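Take a look at the two chains below.

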Amino acid sequence: MPKYVQIKPGLVSLVTLALLGGALAAPKKVTGYSNLGITDGKPGGTYTLVLGDSPQSLNYYGVIDNNLGLVAQQLFDGLVEFNYANYKIEPALAESWTVSPDGKVYTFKLRQGVRWSDGQPLTADDVVFTYKNIIMNPEARAGDAGNFKLDGKDVTISKVDANTVRFTLPRAAPAFLLQQRYFIMPRHKLLKFSQEGGAKPADINNAWPSNVAESEVVGTGPFRLGNYTAGQKVSLVKNPNYWKVDAKGTKLPYLNGLDFLIIRDPQAQVAQFLAGNIDQLNITGAQFPDIKGREVAGAPFKVIRSTALFGSPPFIAYNFDAKDPALAKVFSDVRFRRAMQQALNRPRIIDTVYNGLASLPGHGVAPANREWYVNTTRQLGTFDLAAAGRALDALGLRDTNGDGVREISRGKNLEFDLTYATDSSVYPAMATILQNDFGKIGVKVNLRGILAKNLLSTGLSGDWEAILHAFGDQPDPELRKPIWQPGGALYYWHRSLQPAQDGGTPNVARMFPWEKEIYNIFDDAATTTDRSKRKALYTRWQLLFAQNLPVTPIAKPENIGAISNKYGNYIYNLGVIPGYNPVPLVYQK
Amino acid sequence: MLNYALRRILGMIPTLLVISAVCFLVIKLQPGSFTDQYLEDPRFTRETAEAISRQLGLDQPAIVQYGRWLWGVVTRFDFGYSFLQNRPVVSVIGDLLGWTVFLSLITLLFSWLIAVPLGLYTAFNRHGVAASIANFFGYVGLAIPDFLAALLLVALVLQFGGTNVGGLFSPAYIDAPWSWAKVVDLLNHLWIPVLALGLEGVAGLMRQMRASTLDVLTQDYIRTARAKGLPQHRVIWRHAVRNAINPLISLAGLSLPSLISGTIIVSIVLSLPTIGPLLYDSLVNKDQYTALTLLMLSAFLLLVGNLLADLALAWADPRVRYT
């Protein structure tokens, strides 16, 4: 079978070298980030970060919890990971891999000589165990069994030899490699909680509760668990067996310890950062002026801005299936949504809500994502209330009784509820601006505040008219298919398209022509292995999105991080993104 | 007396039963379900949501869920399972109970030690300058919410370059073994929450103490005592204070439930490891058994506090006797 090594050319030499090394330990050399300001560091020191709440467990696959995710990122690794600079996939626990020409067979060769933090060697058994018993286990709460069924058929994983595993897919799936950033877990510690070890499938969720003995939690990551004090602190210590080295061959991580202080309140987090108890903190646009002001006044930290690839750009959605049939009819009319977009004052929102620390959004793809983004800025239009008013006039939505509000039908005002989150730093201000501007063109908006946690469930319930919400951008649109493919599980602004049963075929007959086209694009792109063809498909999708506005994106916030001057090699901490962990490079000056 | 206490204790059972049913109903009436909030996560699918609902028994009718919980409580003293933490509710609460009780007791002690003497002083020296100042600060204390007081104290500490701006310990001491240095560090952090939490209590208690003392001072028996020529300190301590303190005993009993819900915002603002934020989280996330257990605990403490207050009153006030 001819093999095709699907990695970036710059890494080929590294991989070849590693292969030549054979049975020798093959640490990964982390180089090539001088443009991100990365230099050689020195070992030692402790670095303190913050967690918004106590991790609910230490089993990454047992609970869905971002706080655990932030800790787990330092304890475990996946087969592949992101390049810090360009987000391309590169080797991690897998030293190299091959993909068969038909795109259906992925063979991963494991890095030689990697050891768990307790000294046991990492083998193909661990990888197969993790995938079979945990990730593909439908009872594992944070597993991902759904991603291993393509067209209703299972992906299979098998061990080829002690250092090689093979995935066989029922059909080609070009985003498959990108997804294999799942953390690999130790078989020798988790066997007793797994089906393979004789337990029930759901028992895996009970492994490693938050009061587990520290020595039980074993990983391949840069750190291992040191101590967990409920409600106060999680301490990690350096894993001496970590498999990465810097350009000079010094073992990573540089740090001896990594502490997470548990502080729930954002204001309290800032206070702790200013007091010097926290060394790095991600902040919002609203907090920026104060903290930047202190930096300028000579405080011992720096505030760093960077454009964001991941992260959620807020949008406003109109319910195509609103309970009021007149509203539903207007909302599903693309001319209405385009008219309302002209009443959307994006520059003002970027200025006042984000303090200028945001930019114009893309349509489903972040502008920073060079891989897939198509410039649709012109389709965003410009803020022009008069033009918006004229467009609404043309739709027959006029104010006939002179009360300042347009009528949707005889004697009935064009008036709707805007659902937004009251406990967010951006939505309340944004909702007020929208209400104000929409009011000026005779569209009456009633604000309906709910908790941010309930935004999605409210959206999915269909009990709303317009909503402010945000869904994250991802490096590959395929990963956000349930959101953007019409009829998808999260495509909630047109709920009548959703299949009668989960996993069934959506109601294609009810789709607008443009929705049908997007639906087909996502289906095609999911199986197309040719990059340029996929690019063309997703380009078409972004244009259709921009023209038809299933939802109207508002802004793409920037990443802002504050970092103490005591530390070097800081790269913005993205949050829980498996396969993106620059902390091993951080060093104490 | 014993008979009375027993009757009261038995009477709690049906009350608690009704309270638990109402609490469960209220929790269930919130929109959405425990699993909804996770759907935004890219690694989460709808099948997983359903699997979790099944694992947790959330696919059963509400009445069955409630019945099973109640049966567990009655037969095994098992208060259910925390969805959020993958652990029994009892162990989750147990983790935080120590610090919660410690903080509450310290705060209670602080506010009583300050408020009772101050209240007496202002009552006996009604028109003095010192009393007016104390009264003024009492009003201020009442007007400022505890979390605001906490924020102001934190801002103040920060302004003077302090690092003790939250939590109970400096980061380095959190998981260190107990030592003198750790105790000193604790004291260095403790005064902020105690002051913030205690201040409101001080103001209220002081006003209460002042009012009831003034009330007592106009009574006939005080005049009689004075007329008999009893020394001032005996009039005050033997007759006035003993009678004036009765309403405070009831107040103390009623303050027991604040163990759970009284410190929610301050604990969040100051990152204190107490039960308050757990209640908030469990309600917001629909972690139903944790929320239910905490609400029940709160109700139970209220009932116990009432009972204790009644018993203490009976002991302190000869006019109140139960047969």
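UniProt positions are given here in the numbering of this model, feature names are shortened, and such annotations may be inferred rather than shown by experiment. The model itself is predicted.

**The annotated span**

According to an unreviewed UniProt entry, residues 97-313 of chain B carry the annotation "domain: ABC transmembrane type-1".

**The interface**

The size of an interface is often given as the accessible area lost when the parts come together. For chain A and chain B, about 4400 Å² is buried between them. Carbon and sulfur atoms account for 49% of that area. Three residues, I64(A), R141(A) and R264(A), provide 17% of the area that chain A buries against chain B, more than any other three residues.

Chain A gives 53 residues to the contact, and chain B gives 49 residues. Between the chains, 12 residue pairs are in polar contact, with both residues at pLDDT 80 or more. The side of chain A that touches chain B has this make-up:

| Residue class, chain A side | Number of residues |
|---|---|
| nonpolar | 23 residues |
| polar | 19 residues |

**Salt bridges**

Three salt bridges cross the interface of chain A and chain B. One of them joins the side chains of E139(A) and R54(B), at 3.1 Å from N to O.

Technical notes
Residues numbered from 1 in each chain as written. Chains lettered and ligands numbered in written order. Predicted model: local features only at pLDDT ≥ 70, side-chain atom pairs only at ≥ 80, totals over all residues. Heavy atoms only, no water. Contact = heavy atoms within 4.5 Å. Buried area = accessible area lost by both parts, 1.4 Å probe. Salt bridge = Lys/Arg side-chain N within 4 Å of Asp/Glu carboxyl O. Polar contact = N/O pair within 3.5 Å; in protein donor to acceptor, adjacent residues only side chain to side chain. Nonpolar A, V, L, I, M, F, W, Y, C, P; charged D, E, K, R; others polar.
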